[in-house]
Amino acid sequence: MFKLVLCLGILPALQRSTPAKEEGEARSLPGVEFSIPSSYCEKPFSLKLTCPVVGAQLRYTVDGSEPNLSHGSDFRDSLVISNTAVLRATAFKEGVRVCSVGTRSYIFLDQVIHQGPRPAGFPVGWQGGRQAYEMSPSVVNDPLYRGRIKESLRALPAMSVVFRPEDLFVPGTGISLHSLQRGERWERPCSVELIPGDGSPGFEINCGIRIQGNYNRIPEKSPKHSFRLFFKEKYGASKLRYPMFPDSAVKKFDTLVLRADYNNSWVHWDSSGQVRAQRTRDAWLKDSHRAMGWLAGRNRYLHLYLNGVYWGVYDAAERPDASFAAAYQGGDREDYDVLNENQVKAGTAERFNNFQSIRRLGQYAQYKKLRQQLDITEYIDYLLLNYYAGNHDWGENKNWYAIGRRDPPSLFQYFVWDGEFILQRLNDDIVNASYEVPFYLAENLRANPEFRLAFADRVQKHFFGEGALTPAACASRWMKRAAELDKAIIAESARWGGYRRSPPY
């Protein structure tokens, strides 16, 4: 996969990357300059590297690891890049690093289209011995798609994640081979680039990466794991500063989730989930919550590459954590209480538990006490949206966030999350299915006439006229997301459509 024609000859064997003692030393150093930016490529080109420090020796790698004095190659004149390559470069003078490590990804689409069953540097078998690399020839060579496959790969921005090979697939250290493991111990350093492909600016940043999710991380359930990026000072910049979501005023991020989709996807173990595979559901749910007038995380579709190997369509998504709340609602992240599925993610659960423990909500005094702690209007809309969507993967202990500000105190609000198990069957009913009751709070509130009237008012607002949950409005939001994926889904089909069946979806 990574054949690289070099003017300098043969690369050395893989060794360890930059020692731990050097971590963070290059944060304020000048960067190596690459004569060609990261891009999609059609033909070979000559690449030059320069360093602003006079007399410094440039060193580079093409295996994903950071170059250092003992690992990598010296750059002397130029490199001829003729195949997909992930190039990392830095510079040293008198044994001291004088340039920060820079990364550039050069993606040759002809090579991606014919990506084989085992790219160089990747294990023969993984995820229980099954192969999961190849672009299916039955899609790539199909008369209907072969003329559109490059267009499909260019239809979305590319995100290139680059790291040491042993940090992904090597037993004992690779996070993909230990996908059930959680926490900072299973976070690995990497470089992340966004390549828009339309000439607009992207970004390149060093950060940390972990496996993300619950069922999606189980090897026999899915080989296409979700990831989470952590922007920390120890890797370089403490935040990603980039307009990741063009329709959002927030331009700084502590973290991003790279969603793979699991339920209702082509890699799902259940055939009923495979035939319902559409990548629009989670984004549609969040878009709908915003259309109803509330804050919700955003999604942006992209093509993901891991060390130059195409990994399929993902969506970068905001995580509704304390930093998210502070960015959109003001203050510092330390000001917020955040709960995810009854687990405290920031602050404490004291205020949240206070309103959850209120009983006899049919009484005016008790209902008034609740309204002083929970945004009832937002809560009703949150219920309506999940009821309308028939969300079967939503309940008291899964797939929700609740956020409230402590100082100055604000009302708690709920946030939609992981909406993959929605809009499946016309007759789905989670309103009256006792085993699907999302929160006992909603059941208790039914006894209160004031709440019932407020509920009816919100139904009138959203389900009639030009409301956010009228058929036309819902279909328009769905088709907007579908249009974003219409071309790109061809590449996803070639990559993952055949994982559970042949011929592929």
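A crossing of two helices is left-handed if the near helix is turned anticlockwise from the far one by less than a right angle, and right-handed if it is turned clockwise. By this rule, helix 5 passes helix 9 in a right-handed crossing. Helices (H or I, at least four residues) and strands (E, at least two) are DSSP runs, numbered from the N terminus. The model is a predicted one, in which local features need pLDDT of at least 70 and side-chain atom pairs count only at pLDDT 80 or more, while totals for chains, interfaces and linings use all residues. Residues are numbered from 1 along each chain as its sequence is written, and side-chain values use heavy atoms, with hydrogens and water left out.

Two packed helices are described by the angle between their axes and the distance between the axes. Axes here are lines fitted to C-alpha atoms, for helices over the stretch in contact, and angles run from 0 to 180 degrees between N-to-C directions. The axes of helix 5 and helix 9 cross at roughly 145° and come within 11 Å. On the helix 5 side, the contact (heavy atoms within 4.5 Å) is made by Trp284, Leu285, Ser288 and His289. Helix 9 contributes Glu378, Tyr382, Leu385, Asn386, Tyr388 and Ala389. These residues divide into 6 nonpolar, 3 polar and 1 charged, where Ala, Val, Leu, Ile, Met, Phe, Trp, Tyr, Cys and Pro count as nonpolar, Asp, Glu, Lys and Arg as charged, and the others, Gly among them, as polar.

Helix 9 (residues 376-389) also packs against helix 11, at an angle of about 60° and with the axes 10 Å apart. That makes helix 9 oblique to helix 11; angles under 35 degrees count as roughly parallel, over 145 as roughly antiparallel, 65 to 115 as roughly perpendicular and the rest as oblique. The crossing of helix 9 and helix 11 is right-handed. Helix 9 brings Ile376, Thr377, Ile380, Asp381, Leu384, Tyr387 and Tyr388 to the contact, and helix 11 brings Phe451, Ala454, Phe455, Arg458, Val459, His462 and Phe463. By class, the contact of helix 9 with helix 11 has 10 nonpolar, 2 polar and 2 charged residues.

Turning to charged pairs, the structure holds 43 salt bridges, each being a side-chain nitrogen of Lys or Arg within 4 Å of a carboxyl oxygen of Asp or Glu. Glutamate 450 and arginine 371 form one of them, with their closest N and O atoms 2.6 Å apart. Because glutamate 450 lies in helix 11 (residues 449-463) and arginine 371 in helix 8 (residues 364-371), this pair ties together parts that are 79 residues apart in sequence. Glutamate 450 is partly exposed at 32% relative accessibility, and arginine 371 is partly exposed at 42%; buried means under 20% relative accessible area, exposed over 50%, and partly exposed in between (1.4 Å probe, protein chains only).

Aspartate 315 and arginine 279 also meet in a salt bridge, at 2.3 Å from N to O. Aspartate 315 belongs to strand 18 (residues 309-317), and arginine 279 to the loop between helix 4 (271-275) and helix 5 (281-291), 36 residues apart. Both count as buried, aspartate 315 at 0% relative accessible area and arginine 279 at 9%. Shared partners join Arg259, Asp261, Arg279, Asp282, Lys286, Asp315, Asp418 and Glu420 into one network of salt bridges.

Some loops deserve a look as well. In the loop between strand 1 (33-34) and strand 2 (39-41) is serine 35, which is partly exposed at 41% relative accessibility. Not counting residues up to four places away in sequence, serine 35 touches Ser46, Leu47 and Lys48. Isoleucine 36 sits in the loop between strand 1 and strand 2 and is partly exposed at 26%. With neighbours within four places in sequence left aside, isoleucine 36 is in contact with Phe45, Ser46, Leu47 and Tyr106.

Aspartate 407 and proline 408 are joined by a cis peptide bond with omega of about -10°, and proline 408 is placed in the loop between strand 21 (400-405) and strand 22 (413-416). Arginine 360, although not a glycine, has a positive phi of about 50°; this arginine 360 is found in the loop between helix 7 (350-356) and helix 8 and counts as exposed at 55%.
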